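Good morning, and thank you for joining this presentation.

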Amino acid sequence: MSMIITELPHKEQALFRSALKLYETRQYKKGLKISDQILKKFPNHGETLAVKGMFLTHLDRKDEGYEMIERGLKINPQSVIGWQVYGIVCRNDQKLAQAVKCYEEALKANMDNMQVLRELGTLLMQEGQFARVAEVRERMVRLNPTFPPSWMGLAVAHHMNGRYDLALKAISTHESGPSDPALDKYQTSELLLYKNWLLELNGEYQRALDHLKEIRPQITDVTAWKEQKAKLLLKVDRKEAAATAYQDLIERNAENDEYIVGYLACNGLDIKRAEDQDAAIEVIDSLRQQFPTSNRLRFLPLTFSSGDNFVNAAKTLVKYALRKGIPSLFSSTKVLYADAAKGAALGKLVEGFAAQLRDTKRLCDSTDDEPASVLMWCNHYLAQHYDYYGGHERALVIIEEAIRSSPSTVEPYMVKAKILKHAGDLQAARDTMDYARQLDLKDRYINAKCVKYMLRNNEVDEAEKTFIMFVSDDSPHKVQDIVNFQGIWYLCERAHAFRRLGDIGRALKHYHEVISTFDTYRLDQLDFHAYSVRKATLRSYVGILQWESTVYNHPIYRDAAQAAIECYMELVDRKAAGKPFVPIVHQTDAKPLTRNGSSQQGQHNLSAGIGEAKVFDVDKDPNGAGFVDSDNLASALKLAEQLESGASASPATHVTAFEVHMRMHKYFLALKTINALKAIDAEHPALPSMVLRLTQALDTDESFAAPLKAPLKAQIAKAFGEVSAATGAERSLEAMLAVTRGMLALGGNNVAQARALLMQAPEDKYASGRMLEQLLDARRLLVQSGATEDELAAFGTGAKKAFPLATCF
């Protein structure tokens, strides 16, 4: 048995250091040879075993590499290098929580290791554990008080913890030390503006204003300095000076809402107060005379005005847009339609303009005839207006008039396609959008819209051919290139199409490509923690940290993650029913391709690392079989936990997580999701059925520990009392669908009741705000409930009455 040593002789120590340098230069094979050379003489040297494992993980031998590292740590559990190596490998494999534990173990062996502290601080910052980051940074500044990045990092950590006083103290301590020769004038400017921001956040407005005047000669970002000055003047109630500052800013950029609202505040006006409406409009009118090209000054009054003030402001905006031929007029005013009175007023206004143009060819008090295009843009707007309110047939008549008046203009065809889509004729919508695309083949936007419509019509292959028109011709894997440049909308729509076609494997594959893109967004910030501090761009750095917490709340991420969970739940349910899903096999070229399209094995991509060759491989799982064959519940749970962490404000997150926890028999977690949903919306229509399902599961699941059932049921009874599964169904069609989903999951007598509710979906009582997708969802639930052919035919007849142009019933 070989003797265990902790320190190598001088010669082997030099070899060990050279191996570490080879890792830094990515020469993994050479490093592995040197490690083996050391281990031939000292096979039980723990640190060398760990370093060898690190090299193996980079040479497609991960399992062997991890085993080697763990073996080395078992031999020498007090090795700082061993734990560092383990942390590096975990970090490379995106196991950040595990990497944090490794660096903490390294600190137990050497609490004053600056490199370990620096890496641990970076990982904790990435994980959002700002209180622990502050502790690590405090130790770093005690060990090396003359190193500026440590003080800056400490300030940011306190900032993210809301301790602006401590952040100020850290920055002030850094300033009081010797000047940092590495800071250029831009970095100095950024650091001074950051300190001023901290003074503002700490409520020291006058001190911040004095400091701002003092640092003016050193500031390079003049606009940021002027913005800060205007805000601080307003906060210290120097309104006249603040008004001058905001006037100066508006002259720089008259499209900035913050400047305009700040200028109004200087005049004692708040656009949220109804009593300030008239005066605010008067001030904005005076600004518009000074800045006649500002679109925001035309639009802003529409957001807070009402009655005649709204109509007058709308006239100004709409006339300008119609004469300029701005296609996005409806898109920009659509946000106003949330107020029914404003939507109706806009429609009436444009209808009046259209009537005037047909009768006199003029608008309002104009003395000159308007071009024919103005009437066309009126019709363009009105078609979208009626489409918004569900008047698809009338909208089609109006948009056809617009097309006849200007048959070569792309935008009316796009609106027609949108109307047809909303009306339920997906094939006609797709054909119309394709016709529009062919009018301008060089327009990427219309190409992308056409691709989206093709995917909505489940034409996956045709959509792919159309989309890759704008992908480089010499790319051998154009779809993979789409993944690489992160076309998430396309991948998500493609996944939805495969799901509708019943190909769950490929759907899951594309959902996970979307999900991994968002993981990349977040992980890409890992390298910027040290960089931002080193460059002293602390204001931007704080913005990045705040943004990181919102990454997983993006609508496309939530859509993809929730759909993926639903796919996994379907796989689980099908297995339980004895009808497992079998991946659909598609033909693919199994040979690896290089970037120039060659299938020869000898050609390599040398950019992967110094001296390292890598073949550009094709997709090894084009059909998504790996996702289908995986542990479906574990995969779903991972996604649900990420949603609960990053998108906890969305009710759908907790409804989806509940489904996962119920199938895993994790009833305490299921109750946690119910309570979270109740905290967001106590009257959510899914709540009653979720409560009943959990109670039913506790009554029937004999595998669940009996002593835990009583207290869990007592919590449910105390929080919810008696509930009915049908509660809330009358509120809206969306609410009724949520209720019936829960009733179908409950089973028993609830199924017939759910079917009766679903049969009412096409009725007039649900007409307000009803969408085609909701009726399609209702039909799918009817099929799930075991509806007869006669019932489905009756439903189709009612749905056809609600959507006469639909071809899907």
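A cavity, in the sense used here, is a set of grid points where a 1.4 Å probe fits but cannot get out, and its lining residues have an atom within 4 Å of a point. Please bear in mind that this is a predicted model.

How many cavities of 30 Å³ or more does a search of the whole structure find? The search finds 1, and the largest cavity holds about 40 Å³ of space. Its lining consists of Ala321, Leu322, Ile326, Pro327, Leu329, Phe330, Trp377, His380, Tyr381 and Gln384. By class, 8 of these residues are nonpolar and 2 are polar, with no charged residues. Helices H18, H19 and H21 each supply at least two lining residues, and H21 gives the most, with 4.

I turn now to helix H20, which covers residues 340–360. Buried in H20 are Lys342, Gly343, Leu346, Gly347, Leu349, Val350, Phe353, Ala354 and Leu357. They cover an arc of only 160° around the axis, so they lie on the same side of H20. These buried residues pack against H17, H18, H19 and H21. On the face turned away from the buried side, we find the exposed residues Ala340, Ala341, Lys348 and Asp359.

Finally, consider Glu493, in helix H28. Is Glu493 buried or exposed? Its relative accessible area is 10%, so Glu493 counts as buried, the cut-off being under 20%. Leaving aside residues up to four places away in sequence, Glu493 touches Lys452, Leu455 and Arg456.

Methods
Residues numbered from 1 in each chain as written. Predicted model: local features only at pLDDT ≥ 70, side-chain atom pairs only at ≥ 80, totals over all residues. Heavy atoms only, no water. Buried < 20%, exposed > 50% of the residue type's maximum accessible area, 1.4 Å probe, protein only. Contact = heavy atoms within 4.5 Å. 1 Å grid on protein atoms, 1.4 Å probe; cavity = no way out; pocket = protein on both sides within 12 Å on 5 of 7 lines; lining within 4 Å. Points joined across faces, edges and corners; volume = space filled by probe spheres on them. Nonpolar A, V, L, I, M, F, W, Y, C, P; charged D, E, K, R; others polar. Expected span 1.5 Å × (residues − 1). Arc of directions from axis to C-beta.
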